[in-house]
Amino acid sequence: MAATITLLTDFGYQDAYVGIVKGVIAAIAPTATVIDLTHGISPQDCWAARFNLLNAYPYFDADTIHVAVVDPGVGAARRGIAIKTDHGTFIGPDNGIFSGVLSQARPQKAVTLTNAKFWRSPTPSYTFHGRDIFAPAAAHLASGVSLESLGQAIAPESLTQLTLPAVRETASGLVGVVQHCDRFGNVITTISKNRLLAQGRLPQEWSLMINRVTIPSVKTYSDCPPGTLVALVGSHGWVEIAVNGGSAAQTLQPQVGTTPVYLQQQRAT
């Protein structure tokens with residue numbers, strides 16, 4: 001069966017970068033299936049890459065190779081890495097973009113991509129490791145090369161982490177933070193549906209408070225008049241804040257990783 005390679009980058013589509021990466025993969029592993037997760041990550045936004053990988057990888061089988069290139073440190077001292085987990089292999093820069101996945105998928109082994117035999121060229125560009133190192137590594141893996149052949153083994157616990165505060169329980173509910181704002185302006189928190197259900201809260205029994213604004217919970221966006229702030233569980237399984245027909249991110253101006261969100265026991269009235 002042909003291997004599957006996914007791509008997640010901040011390259012966009014205005015330039016030829018995405019096509020070039022695909023061309024490199026096709027030249028090495030022509031039978032591989034290449035799936036675009038997204039190329040619309042905002043430039044250098046490692047937090048958005050972390051979130052999108054975390055929510056995408058469960059939909060692929062354990063043999064999938066995920067290439068992520070959001071790399072503000074390209075050409076600097078940060079490592080290029082490949083990580084094998086119990087639910088896929090991940091290739092890209094060691095800058096924390098894989099930390100969300102690694103909080104759920106157990107890392108089995110990891111290597112630095114130091115073996116130039118599996119680069120596109122022994123003298124890679126200082127600014128395009130996606131083309132010259134990460135895409136070739138993925139394509140060689142898809143063609144049967146072992147992870148160990150790509151470079152030196154490293155301890156999984158040495159990998160860079162983008163950490164978020166743990167969700168806390170309080171007397172009145174839960175406290176999380178904002179972890180992502182999507183292109184619709186939905187403000188996505190670190191409070192999961194499973195955490196909500198574990199406390200026995202039904203959709204009508206809670207509300208959120210953020211930036212001193214209390215927001216009632218609903219089941220879907222249209223359960224309120226246009227322009228209204230609402231809280232709900234999104235399709236990704238996280239509690240989020242939305243505006244029916246608008247942008248909660250523009251309204252609330254949250255900061256990813258730091259703005260607290262309070263889930264309260266009773267629905268706001």
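User: How many cavities of 30 Å³ or more does a search of the whole structure find?
Analyst: The search finds 1. Bear in mind that this is a predicted model: local features need pLDDT of at least 70, side-chain atom pairs count only at pLDDT 80 or more, and totals for chains, interfaces and linings use all residues. Residues are numbered from 1 along each chain as its sequence is written, and side-chain values use heavy atoms, with hydrogens and water left out.
User: What counts as a cavity, and what as a pocket?
Analyst: On a 1 Å grid over the protein atoms alone, a cavity is a set of points where a 1.4 Å probe fits but cannot get out. A pocket is an open set with protein on both sides within 12 Å along at least five of seven lines. Lining residues have an atom within 4 Å of a point.
User: What volume does the largest cavity have?
Analyst: About 30 Å³. Volume here is the space filled by probe spheres set on the points, with grid points joined across faces, edges and corners.
User: Which residues line the largest cavity?
Analyst: Among them are Ile81, Ile83, Phe98, Leu102 and Leu159. Strand S4 (80–85) and helix H3 (99–102) each supply at least two lining residues. Helices (H or I, at least four residues) and strands (E, at least two) are DSSP runs, numbered from the N terminus.
User: And the largest pocket, how much space lies in it?
Analyst: About 700 Å³. Its lining has 30 residues, and Phe51, Asn52, His180, Asp182 and His236 lie nearest the centre.
User: Which element gives the largest share of that lining?
Analyst: H2, with 6 residues. By class, the pocket lining has 14 nonpolar, 12 polar and 4 charged residues. Ala, Val, Leu, Ile, Met, Phe, Trp, Tyr, Cys and Pro count as nonpolar, Asp, Glu, Lys and Arg as charged, and the others, Gly among them, as polar.
User: Where does H2 lie?
Analyst: Helix H2 (residues 46–56) lies across S1, S2 and S3, at about 155° to S1. Axes are lines fitted to C-alpha atoms, for helices over the stretch in contact (heavy atoms within 4.5 Å). Angles run from 0 to 180 degrees between N-to-C directions.
User: Switching to the sheet. What is the strand order?
Analyst: The 7 strands run S2-S1-S3-S5-S4-S6-S7 in an open sheet with mixed pairing. Strand S2 (33–38) and strand S7 (153–154) are at the edges with a single partner strand each, so one side of each has no neighbour in the sheet. Strands pair if DSSP finds at least two bridges between them.
User: How do S1 and S3 pair, parallel or antiparallel?
Analyst: Parallel, over 5 bridges, with S1 at residues 4–9 and S3 at 65–69. Thr6 stands opposite His66 in S3.
User: What about S11 and S12?
Analyst: S11 (residues 207–210) and S12 (residues 213–216) run antiparallel, joined by 4 bridges. They form a hairpin with 2 residues between them, and Asn211 in the turn has a positive phi of about 50°. Ile210 stands opposite Val213.
User: Last one: at what angle do H1 and H4 pack?
Analyst: About 40°, with the axes 9 Å apart. The contact includes Ile20 and Val24 of H1 and Ala135 and Ala139 of H4.
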